[in-house]
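Hi,

Here is the structure I promised to pass on. Have a look at it first, and my notes follow below.

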Amino acid sequence: MNLGSLKHLQFLQLARNQLTGEPGVPQLKFLSSLFNSSSLQDLVLSENPLNGIIPDSFGNLSSLEHINALGCQIKGPVPTKIHSLKNLNYLSLVDNNLSGKIPPQIGEFESLQRLYLSFNNIEGFIPYELCRLQKLGELSLENNKISGSIPNCIGNLSSALQKFLLNSNRMTSLIPMNLWNLENLLVLNLSSNSFSGDIPTTLRKSNSIQVIDLSQNQINGTIAGIVAAFQSLFTWICQTTDFGLAKFLAQNKQETQTRTIGTLGYIAPEYGSAGKVSKRGDVYSFGIMLLEIMARKKPTDEMFSGEVTLRQWIHESIPDNVLEAVDAGLLSIEEGRDMNVTENIILSILEIGLRCSEQVAEDRMDMEDVVPKLMKIKLALQD
């Protein structure tokens with residue numbers, strides 16, 4: 001069938017099949033055949049072994065608004081002429097084999113609101129032209145080979161950008177101050193790069209932010225400065241009682257059976273043993289995350305590949321060797337702060353992490369009890 005002959009076709013969803021490109025032909029010609037489908041708005045090809053290159057002629061489909069080609073083994077560079085899709089607001093090319101650089105023409109996606117290019121082999125710098133996407137709400141570039149620095153013009157996206165994922169790349173240099181001026185930013189992940197410098201202690205415009213991950217970089221700053229700067233971080237915890245997997249629960253049910261999902265090292269023991277998902281399991285994930293922040297060590301680090309886990313390592317270090325279990329950068333003493341006070345604050349945070357990550361689900365803290373303890377610690381940090 002020549003799909004291009006379907007001139008009134010608006011939605012084409014072919015996800016999760018066994019569609020492939022033509023043998024011996026590198027370009028995905030069937031995409032070019034859609035050229036005559038002048039009404040096509042929504043194209044979903046996810047999880048098909050297409051194993052080919054997107055042709056430049058595909059950019060002639062000016063009616064397209066939504067493209068999802070996640071996990072399709074698409075290779076080659078990000079096509080430079082795809083920018084002519086003036087109405088495109090959603091583009092996902094996650095988990096493919098894309099290579100080369102992000103083309104500067106990306107800045108011509110006038111309507112783009114969601115851009116997902118993670119889990120590819122993209123390299124080079126982030127082009128300044130990306131800052132022209134005034135409607136961009138989510139930008140996902142994690143797990144590539146992108147290097148250099150974040151463009152200073154990132155602040156131009158202040159009115160729209162809510163989610164920025166750049167973790168697991170090869171980024172260097174300082175984090176630009178303009179990044180902290182994104183007034184509507186909710187989620188920021190810059191982990192597993194080589195960023196350096198200090199986190200500013202006054203970030204008034206970042207009060208909306210909910211999730212920050214700067215782990216495995218070379219960032220400096222004291223606990224007090226970081227916590228005081230992101231006032232809404234604790235507010236978010238107050239409003240949230242689950243952290244991911246429990247969102248899959250059926251409405252009005254406390255727990256459900258499911259296949260094991262989540263990230264190794266963060267998922268609760270009962271997920272693997274009984275396949276049960278519940279809010280208590282998400283409390284476990286929160287506890288591990290808290291321990292990771294304090295130790296600046298991931299539960300999947302090589303030192304925890306044997307019998308000793310991150311949680312066990314920290315548990316065995318307190319209370320006598322608490323300072324050996326936390327990242328040295330968190331031990332900076334602010335002027336006028338007693339070291340014993342700092343040690344007690346750190347110990348209190350670690351104890352919360354340990355209690356949230358108890359092996360037995362029923363022994364874990366409730367988030368309703370975690371919140372007041374965190375608020376008390378926050379006040380102590382501000383003294």
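Before the rest, some housekeeping. This is a predicted model, so to speak of local features I needed pLDDT of at least 70, side-chain atom pairs count only at pLDDT 80 or more, and totals for chains, interfaces and linings use all residues. Residues are numbered from 1 along each chain as its sequence is written, and side-chain values use heavy atoms, with hydrogens and water left out. Helices (H or I, at least four residues) and strands (E, at least two) are DSSP runs, numbered from the N terminus.

Now the sheets. Ser 147 sits in strand β10, residues 145-148, which belongs to an open three-stranded sheet ordered β8-β10-β12 with parallel pairing. The edges are β8 and β12, each pairing on one side only. Pairing here means that DSSP finds at least two bridges between two strands. Two bridges link β8 (residues 123-124) to β10, and Gly 124 has Ile 146 as its bridge partner in β10. The covered face of β10 carries Ile 146 and Gly 148, while Lys 145 and Ser 147 are on the uncovered one.

There is also an open sheet of nine strands, again with parallel pairing, in the order β1-β2-β3-β5-β7-β9-β11-β13-β15. Its edge strands are β1 (11-13) and β15 (211-213), each of which pairs on one side only. From one strand to the next the twist averages 5°. Within this sheet, β3 (residues 66-68) and β5 (residues 90-92) are joined by three bridges in the parallel sense, and Ile 67 has Leu 91 as its partner in β5.

Leu 91 turns up again in the contacts (heavy atoms within 4.5 Å) of Leu 115, which, leaving aside neighbours within four places in sequence, also include Ile 106, Leu 130 and Glu 138. Leu 115 is one of the residues that touch the most other members of the largest nonpolar core, which has 54 residues. Such a core is a set of buried Ala, Val, Leu, Ile, Met, Phe, Trp, Tyr and Cys residues joined through side-chain atoms within 4.5 Å. Apart from that one lies another core, of 29 residues, including Phe 286 and Ala 325.

Then there is helix α5, residues 279-295. Its 17 residues reach 25 Å from first C-alpha to last, close to the 24 Å expected at 1.5 Å a residue (that is, 1.5 Å times one less than the number of residues). Of these residues, 13 are buried, meaning under 20% relative accessible area with a 1.4 Å probe, protein chains only.

α5 packs against α6 (residues 310-317) at about 65°, with the axes 10 Å apart; axes are lines fitted to C-alpha atoms over the stretch in contact, and angles run from 0 to 180 degrees between N-to-C directions. Ile 288, Leu 291, Glu 292 and Ala 295 of α5 meet Leu 310, Arg 311, Trp 313 and Ile 314 of α6.

Why does Ala 295 count as buried? Because its relative accessibility is 5%. Not counting residues up to four places away in sequence, Ala 295 also touches Ala 325, Val 326 and Asp 327.

Cheers

How values were computed:
Buried < 20%, exposed > 50% of the residue type's maximum accessible area, 1.4 Å probe, protein only.
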